[in-house]
Amino acid sequence: MAQTYFVTGGTGFIGRFLVPKLLDRGGRVYLLVREQSLPKVEQLRVLWGVDDTQLVAVTGDIARARLGVERAALAALKGRVDHVVHLAAIYDITADEAAQQAANVGGTRHALAFAKAIGAGCFHHVSSIAVAGLYRGRFTEDMFDEATGLENPYYRSKHEAEALVRRETAIAWRIYRPGVVVGHSATGEIDKIDGPYFFFPAIRRVADTLPRWLRAVVLQGGVINIVPVDFVVAAMDHLMHQRRLDGRTFFLTDPQGISVGDLVRVLLEASRGPRLGVVRSRALEQLLAGLPVERLGAMVPSGTLEAVARRYGIPPEALKFIGYPTRFDSTRTHRVLERAGIACPSFESYAPVIWDYWERHLAGERMREANAHAGAWSRLVERTLGRGEPRGLRRAVAGKVVVVTGASSGIGRDCALQLAAAGATVILAARGVDKLGETIAAVRARGGAAFSYPCDIADMADCDRFVAEVLRNHGHVDILINNAGRSIRRSVRHSFDRFHDYERTMQLNYFGALRLIMGFAPGMLERRGGHIVNISSIGVLASPPRFSAYVASKAALDAFSWCAASEFADRDVRFTTINMPLVRTPMIAPTRLYDAFPTLTPEQAANLVMKAIVERPKRVATGLGVAGAVAQALAPQLSEFILNRAYHLFPDSPAARGVTEEGEAASPRGSLARAQRLFAQVFSGVHW
């Protein structure tokens, strides 16, 4: 027999899935909406394929007595509604207390009064597991007054709202307590950021920062109860229409739940991040269960939670779930649902679906662009660099004088083209006069302003001449990009009689760059503004073998810059160090091994430099570089072992060993070659 329903919050997240199910039963659904939302109801009729006799809009407001429904409408509904379904509420732990009291407690009071006024058959109240507060241990469906830890305004408002329903004797009622509701398990669809979604940006950051090969462990932590919206709706639809269930409370929860450690593990897998092992220890679990999670905020140093919230958008209240102490016993409800074939799927089974939906629809434009590119290396590049001209570049460089060294090819040439296109006056320095002329022609062909100054940065006298000419002709320099560099790939054991390798790299990579800084920085300090960008290397963070000369020279410039930055900061003269990964430039061309390595293009590397100019960070580094530095700090012996394996896997070139290629044996193939390719892919961007 067709039944009639009156639904509050029917246009909300759960309502948009539940109402179609009720309509499918052939009955009529009255939908409470504010007057300004009436057009939305018409859209829903089209979406659900019903007319205005099946889905009827009733104007009102949960903040008003008897839901603000007019007397004539009340009279028309009296005795004709089988079910009042009260969904309207604030499901947000971050909302202010006054709003939660008004919506959750006041709204429930008004909905109950409305249901009694029209003589509804049954009042269905959607509550929450939050009514248990932070109760320690097993909480059953019959428990209510036993709740503890209700200091949070959200927990308290849900508890008080349910208390109103439980005290009601004039009308039949049923109460539903869903867990933390996430998107649809088949489509991922959701329209809000809540619950575990608060942590998604942080998970994304970890996945982008740490390489997938990394293995780590995490404690199991507290158990969170997460349920997909389609399970909640299917369960409610079934329970609402079963006989002899009035006056009962139903946990719509996952019987097992998922620990915080497993939640992080599953989400990192979904985001293609590093793999975690979860430490499952009864002793550790008992220790964690003993933490006073209700006082977590007071235990953390002042400002820490606020900093976390600012950086990742995680409400401090959400951090209490790390040691969440409550287990929800839904045994009775699941017996009823089991007979209908309704079961809550495990979070792990649908996590990739909701993650994918979040990335495509809720995570922002940059992440959607990143996911459109196949391959882990491409995703890393796009997430790190973005695409096209960085936002704000023109504002950062227009009308400014920018010096770029090593500008005749590679990164320097692409930097010059982008800077000139954004309105900068670009000063190009390099040894090769002819190639400098080609770069100048390319800049001017695009309408940019550029000037070439042939200079050997490894020659200190030539550096002084270059600085003097630039200042004489252009007055000052706003931005200096130290890009010119020399790289040598040779084992230390093949360098014992080649001390000049270290002298040459230090001369260009450190002393030459330092000479230019010493020349241009006084004017920057006097003008109280300037930016020095040093193109360093991922090798400074990862310390790969065979690059002792190159990495040492870059590390020296990094160290100088970090010391000088603290002296110049109050004059707004900033230093940025870019620990650049492997880039396909003429500098790496002699090392034929790199032909098969994944690398950045010069344009992508230039994008990274442009981003640094706009944002002016202290350091720019890829995730793998940061992981290398962290590994050396926290696990130096493991880091040394991995680097030693790489040292033996990738041989010195014939030139580095002092032999001719004609006398060199053919490169090994088969398993060793495959191992080399695999290693290069796993450690994308590192010089080996």
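**Exercise 1.** In this predicted model, determine which helix holds Glu469 and Arg465, and how many residues apart they lie.

*Solution.* Step 1: Both Glu469 and Arg465 belong to helix α19, which covers residues 460–474. Step 2: They are four residues apart, about one turn of the helix. Step 3: The two side chains form a salt bridge, with 3.0 Å between the closest N and O atoms.

**Exercise 2.** Identify the elements that the salt bridge between Arg490 and Asp501 ties together, and decide whether its partners are buried or exposed.

*Solution.* Step 1: The N-to-O distance in this salt bridge is 2.6 Å. Step 2: Arg490 sits in the loop between β19 (479–482) and α20 (499–527), while Asp501 is in helix α20, so the bridge ties together parts that are 11 residues apart in sequence. Step 3: Both Arg490 and Asp501 are buried. Step 4: As a further case, salt bridges with shared partners link Asp262, Arg265, Glu269 and Glu348 into one network.

**Exercise 3.** State how many salt bridges the whole structure contains, and explain what the pair Asp329 and Arg138 ties together.

*Solution.* Step 1: The search of the whole structure gives 26 salt bridges. Step 2: One is formed by the side chains of Asp329 and Arg138, at 2.6 Å from N to O. Step 3: Asp329 belongs to strand β15 (residues 326–329) and Arg138 to strand β6 (residues 137–140), so this pair ties together parts that are 191 residues apart in sequence. Step 4: Asp329 has a relative accessibility of 17% and therefore counts as buried. Step 5: Arg138, in contrast, is exposed at 54%.

**Exercise 4.** Compare the span of helix α4 with its expected value, and locate its kink.

*Solution.* Step 1: Helix α4 (residues 97–118) has 22 residues, for which 32 Å is expected at 1.5 Å a residue. Step 2: From first to last C-alpha the helix reaches 31 Å, close to that expectation. Step 3: A kink of about 30° is centred on Gly107. Step 4: Just after α4 comes Gly119, with a positive phi of about 65°.

**Exercise 5.** Explain why helix α23 is described as largely enclosed.

*Solution.* Step 1: The 14 residues of α23 (residues 602–615) should span 20 Å at 1.5 Å a residue, and the end C-alpha atoms are 20 Å apart, which agrees. Step 2: Of these 14 residues, 11 are buried, so the rest of the structure largely encloses α23. Step 3: Among the buried residues are Pro602, Gln604, Leu608, Lys611 and Ile613. Step 4: Arg616, which follows α23, has a positive phi near 50°.

Key: Residues are numbered from 1 along each chain as its sequence is written. This is a predicted model: local features need pLDDT of at least 70, side-chain atom pairs count only at pLDDT 80 or more; totals for chains, interfaces and linings use all residues. Side-chain values use heavy atoms; hydrogens and water are left out. A salt bridge is a side-chain nitrogen of Lys or Arg within 4 Å of a carboxyl oxygen of Asp or Glu. Helices (H or I, at least four residues) and strands (E, at least two) are DSSP runs, numbered from the N terminus. Buried means under 20% relative accessible area, exposed over 50%, partly exposed in between (1.4 Å probe, protein chains only). The expected span of a helix is 1.5 Å times one less than its number of residues. The bend at a residue is the angle between axes fitted to the seven residues ending there and the seven starting there.
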